[in-house]
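Work through these exercises with the model open. Try each task before reading its solution.

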Amino acid sequence: MIDRVFAIRGLLLAVLVLMAGNGFMPTLLAMRMEAAGASAPVVGLMASAYFFGLVVGSLTLTNVIKQVGHIRSFATVVTVLSSSTLFYSLYQNAVLWSALRLIDGVCVAGVFICLESWLNHRADAQSRGAILAAYMIALYSGQAVGQFLLELDTGLMLPFVISSMLVSLSSVPVLLTKIDSPPLPDDGHHLSLPSLYRTSPLGTVGVTLTGVMMGAFYGLGALYARRSGFSLSDVALFVSVVIAGGVALQWPLGRLSDRIDRRLVIAMVLGGIVLASLVLALLTDHLVIFAVGALFGGFVFSLYPLCVAHANDRLTVEEQLSASSVLILLYSGGAAGGPLLGSAAIAAFGARGLFLFTTALGVAGLGFALWRMYRSDAVAGEDQQPYQILPRTTPAAAALEPASQHSDESA
């Protein structure tokens with residue numbers, strides 16, 4: 001297993017470097033637009049454009065990769081992403097930057113599809129879990145560490161240059177890899193959204209709500225922190241703390257959900273989101289915001305894999321891989337709408353509006369979870385699928401789930 005993970009070190013390094021270079025761009029762009037006096041809805045529109053691009057890229061780039069291969073596709077999307085990063089520094093305009101964020105989303109989708117299908121090709125039944133864990137560590141570590149590049153923002157083009165350099169360098173380990181490019185699977189049968197909802201209403205709704213909340217945070221969290229009086233370095237620390245909290249709490253909450261009714265854990269997490277959001281909306285002490293921000297991240301990051309696990313509890317093995325792909329698209333669609341809705345809340349209530357918005361979403365989700373617990377019976381403990389921490393990137397990530405190995409074997 002260790003040998004399998006070591007063999008993909010180049011791909012993991014590419015993820016780490018690319019996320020370090022690109023992961024802080026939403027925060028940087030929001031800060032630049034804020035400094036220029038842009039309204040919250042304008043910042044929200046720019047953030048939504050990225051997630052919309054992610055959906056478009058997820059749906060379209062698989063065919064491109066099938067035609068020209070992984071390495072050429074990866075080099076192409078990284079080149080375009082690096083170029084668009086430099087383009088931001090030439091002219092600051094909300095419409096232009098929104099268009100560039102749309103392009104960024106398409107390119108990042110291409111990066112994820114290439115890398116995730118490659119990682120899946122290298123995984124077997126014994127190493128799949130370890131490879132997925134290593135991938136997520138590289139993904140989130142790069143994203144969290146990259147936030148501190150914000151301190152290079154002196155109002156000049158330097159942070160864009162550094163970002164472009166790192167994005168470009170991320171292609172080096174991929175272009176030099178000796179790993180054979182994998183074939184991409186055929187699209188095959190996809191579980192329809194109505195069928196998925198009938199099978200797991202809470203899983204479907206929970207994943208969508210998670211996307212809305214995460215999209216709102218990634219697009220507007222820096223705006224909330226800045227308007228709450230945070231310095232630039234504290235904004236970077238706040239976003240990093242939320243990401244770190246998200247990584248820390250997923251495993252214990254997941255293990256708990258394997259032992260009791262998973263819907264109860266989902267309800268507890270939604271309740272935690274409500275309480276954490278209220279504190280972030282109502283209190284102003286920076287130390288409290290950092291501490292509660294970590295809890296908020298832990299709860300909201302955990303909700304997606306909990307809802308996927310809950311959906312898998314009610315699906316056949318043959319349906320799980322297809323359902324996971326649909327759930328990722330639902331998450332991305334929710335994330336595209338989250339910044340627009342969250343920015344409207346900020347426009348109405350000020351900085352605290354962001355977390356008043358997530359409070360409302362948490363209350364709605366909690367009510368729905370309790371209603372589903374009342375309307376349907378719990379899945380027996382021995383029939384529950386093991387919880388698995390999952391990336392929320394593109395449908396290609398669904399094949400990395402250890403459960404997908406069983407789906408392949410049964411096909």
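Accessible areas come from the Shrake-Rupley method with a 1.4 Å probe; for residues, only the protein chains shown count as cover. This is a predicted model, in which local features need pLDDT of at least 70 and side-chain atom pairs count only at pLDDT 80 or more, while totals for chains, interfaces and linings use all residues. Residues are numbered from 1 along each chain as its sequence is written, and side-chain values use heavy atoms, with hydrogens and water left out.

**Exercise 1. The whole protein**

Describe the accessible surface, the secondary structure and the burial of the protein.

Solution. 
- Start with the surface: it comes to about 16000 Å², and carbon and sulfur atoms hold 67% of it.
- Next, list the helices and strands. They are DSSP runs, numbered from the N terminus: helices are H or I with at least four residues, strands are E with at least two. The protein has 17 helices and zero strands.
- Then judge burial. Buried means under 20% relative accessible area, exposed over 50%, and partly exposed in between (1.4 Å probe, protein chains only). Of the 411 residues, 58% are buried.

**Exercise 2. Serine 277**

Solution. 
- Serine 277 sits in helix H13, residues 262-282.
- It counts as buried because its relative accessibility is 0%.
- Now take contacts, meaning heavy atoms within 4.5 Å. Beyond neighbours within four places in sequence, serine 277 contacts Phe296, Phe355, Thr358 and Thr359.
- Look for a polar contact: a pair of N or O atoms within 3.5 Å; within protein, one must be able to donate a hydrogen and the other to accept it, and residues adjacent in sequence count only if both atoms are side-chain atoms. The side chains of serine 277 and threonine 358 make one, at 2.8 Å.

**Exercise 3. Phenylalanine 148**

Which residues does phenylalanine 148 touch, not counting those up to four places away in sequence?

Solution. 
- Locate phenylalanine 148 in the loop between helix H7 (128-146) and helix H8 (158-169).
- Its relative accessible area is 38%, so phenylalanine 148 is partly exposed.
- With that exclusion, phenylalanine 148 touches Ala236, Leu237 and Ser240.
- Leucine 232 is 84 residues from phenylalanine 148 in sequence, yet their C-alpha atoms are 9.2 Å apart.

**Exercise 4. Cysteines**

How many disulfides does a search of the whole structure find?

Solution. 
- A disulfide is a pair of cysteine sulfur atoms within 2.5 Å.
- The search finds zero.
- Cysteine 107 is buried because its relative accessibility is 5%. Cysteine 307 is buried because its value is 0%.
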